[in-house]
Amino acid sequence: KILILDFGSQVTQLIARRIREAQVYCEIHPFNHIPEIDESVKGIILSGSPCSVRDEDSPRVDLSLFGSLPILGICYGAQLLAHQGGGSVQASGHREYGRAHMTSVKESPLLKGLSATGQVWMSHGDTIMELPSEYELIGSTETVRVAAFAHISKPIFGIQFHPEVTHSTEGSILIKNFIVGICGCAQTWTSDSFVDRTVSELQAKLGNDKVVLGLSGGVDSSVAAVLLHRAIGKNLYCIFVDNGLLRKDEFEQVLASYETLGLNVKGVNSKQRFYDALKGLTDPEDKRKAIGKTFIEVFDEEAHLIEGVSWLGQGTIYPDKIESVSLKGPSATIKSHHNVGGLPDFMKLKVVEPLDALFKDEVRLVGKTLGVPKDILGRHPFPGPGLGIRILGDITPAKVDILQKVDAIFINGLKEDGLYDQVWQAGAILLPIQSVGVMGDERTYEQVVALRAVSSVDGMTADWCHLPYEFLGRISNEIINKVKGVNRVVYDISSKPPATIEWE
Ligand code: XMP
C-alpha cells in the first residue's frame, strides 16, 4: 500500500481516489500521526497544504522515518523536500493558479509516457527557487522553473503541480508511474478481490456470532448488509424503521428490494411514535434530536428481541473515518449531522464496519459486484431525519402527506426525463408560508413548496442544478394541479456555501 501524509490540503482525498482508481490500496494519515511503517508500505506521498514552509510553525515530517522507501512530494510536499534538503523556497510575486504546460527537461521514470507539453494544474503561493545539491530538475512550465525534480540517487520526487485534479490531464499517468513503476505496487485493489477478502475476514472475525444492522434504504447500509449477508448469512439481522418521514411508498418498495436480495430484514412501522415525539417542535436541532432519540429507542428495542446478538453492523465509509488535519482549530458545528449520536450505554455491542476502507464510488462498485440493484446503488443521498428537516416548522402527518406527493412528482419527473443520474441530490421543501393564488374563479390561500436539485461530489460544497425551464414548468404545473394545498412552486438557486443543501 501507499501512505499519503496529509498536511491539510483541500484535495488530499483526490490523491487517494486517483491511486485507488489505479487499483492500488492507499491510506491517508495526518502528517503528525504516522502509523508504523511496516513491510506492506511501498511508498509515501506528501500532500499539499495551505501553509508555507517558510513559516517556523508549519507542518514538518522527519523523512528518515521512511528509510529507503520512494517518496513523492506534491506542491507543499515538494517544497518541504526542497526546504528540508537545504534548497530555497520563496514567496512568488503572484499566486500561481490554474492551467500551465509542463515540458520535461530530463528523462525520469516519474514522467514516462507524458506528452511533451502536458497540461498541469498549479495552485501555490510559494515557489522553489533553488534545489538542494542532491536533487536535479526534471520538468519546467512557462512560469515555474522548478515544476518537477528528482533526487540524483534515491527514489525521491517532487512536483509543484497537482496531478490529482482532473485539470492535470495526464496526472493519472504520473501517479501510476510513481505507485506502480517506482514503488512496485501490484494493481490488485479491485471490487472482486475486495469482496473475496472481506468475506473471509468477516467470517474469521464473526464466526457464528449474530450481527444486527439498521438499514436506511441508502447505498452504504444496503451494501454493508449484502456483504455481511454473504459472509454470515442468516446470522445477520436487519432492521428497517419507518419513521413516517420517508419518501412516498419508499418503505414498501425498499423492503421488497431487500427481500429479493435474500436479506433477513424486519420492517418496523413506528410512524406514530416519531410523530408523537415531534409534536409541537419547530426548531431544526430539536427536531433532529427528537428523531435521532426515537430512532435509537426503536432500534434498541428491536435489537433486544434478537437473542444473543453481539455485534452492530454499520455502513460507515472511509471519508467518515479519515482523521482530519486540524491546522486552525476545530470547525464550528453548523448542523448536528448524523442522527445516531452514539449508542445507548446498555447496548454493549461490538461494532463491525465492513466498508470503512472504501470511498463512495468504490462502495457502488462493490455493490454492483454483489448484485445490489441499480435503483439502490444509484439512489440520491437522503438525510437520516428525512422529510422531518424538509418541512419547515412543526411536523404533522398531513404536511408529510403533502410533501411526499410533491417530492414524488419531482423525483419521478427527473427519472422520466433522464435527469435523475445527473443530479447529485434533489428534493422538495414545504415552506411554512401561504400565498394567494387563483384557481378557476376562486381565490386560494395555500402553501408554497420549494424544489431543490444540486450537483456535488461529496455534499461538502454544492451548486444548484440548471434544470431545463421546460422541465421545471411541467413539474410546477403538475404539482399545483395534483397536490391539494399547494398553489405555488419556487426553485432554489443557491449554492453551498453560503447556503446549505437542506433548508434546516
Ligand atoms: P447540508 O444541508 O449540511 O447537507 O448542506 C449536506 C448533506 O448531508 C445531508 N444531511 C444529513 N444527513 N442527518 C443525515 O444523515 C442529518 O441530520 C443531515 N442533515 C443534512 C444532506 O441531505 C446532504 O446530503
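**Entry 1: the open sheet**

I looked up the open sheet and found five strands in the order β12-β11-β10-β13-β14, with parallel pairing. β12 (265-269) and β14 (350-352) stand at the edges with a single partner strand each, so one side of each has no neighbour in the sheet. From one strand to the next the twist averages 30°. I took two strands as paired if DSSP finds at least two bridges between them. Strands here are DSSP runs of E with at least two residues, helices are runs of H or I with at least four, and both are numbered from the N terminus.

I noted that this is a predicted model, where local features need pLDDT of at least 70, side-chain atom pairs count only at pLDDT 80 or more, and totals for chains, interfaces and linings use all residues. Residues are numbered from 1 along each chain as its sequence is written.

I then checked β13 (residues 309-313), which runs parallel to β14 and is joined to it by three bridges. Leu-312 has Val-351 in β14 as its bridge partner.

Helix α5 (residues 219-232) lies across β10 (210-215), β11 (236-242) and β13, and runs at about 160° to β10. For that angle, axes are lines fitted to C-alpha atoms, for helices over the stretch in contact, and angles run from 0 to 180 degrees between N-to-C directions.

**Entry 2: the annotated residues**

I looked up the UniProt annotation "active site" (unreviewed entry), which covers Cys-75, His-162 and Glu-164. They are spread over 90 residues of sequence but cluster in space, with a largest C-alpha distance of 11.1 Å. UniProt positions are in the numbering used here, feature names are shortened, and annotations may be inferred rather than shown by experiment.

Cys-75 sits in the loop between β4 (71-74) and α2 (76-84). Cys-75 counts as buried because 26 C-beta neighbours lie inside 10 Å. The cut-offs are 20 or more other C-beta atoms within 10 Å for buried, 12 or fewer for exposed, and partly exposed in between, with C-beta atoms placed from the backbone. Leaving aside neighbours within four places in sequence, Cys-75 is in contact (C-beta atoms, placed from the backbone, within 7 Å) with Gly-48, His-124, Gln-160 and His-162.

Glu-164 is in the loop between β9 (156-159) and α3 (171-182). Glu-164 is also buried, with 27 other C-beta atoms within 10 Å.

**Entry 3: helix α2**

I found eight of the nine residues of α2 buried, so the helix is largely enclosed by the rest of the structure. What covers these buried residues includes β3 (43-46), β4, β5 (88-104), β6 (117-130) and β9. Just after α2, Gly-86 takes a positive phi of about 100°.

Note on methods. Contact = placed C-beta atoms within 7 Å.
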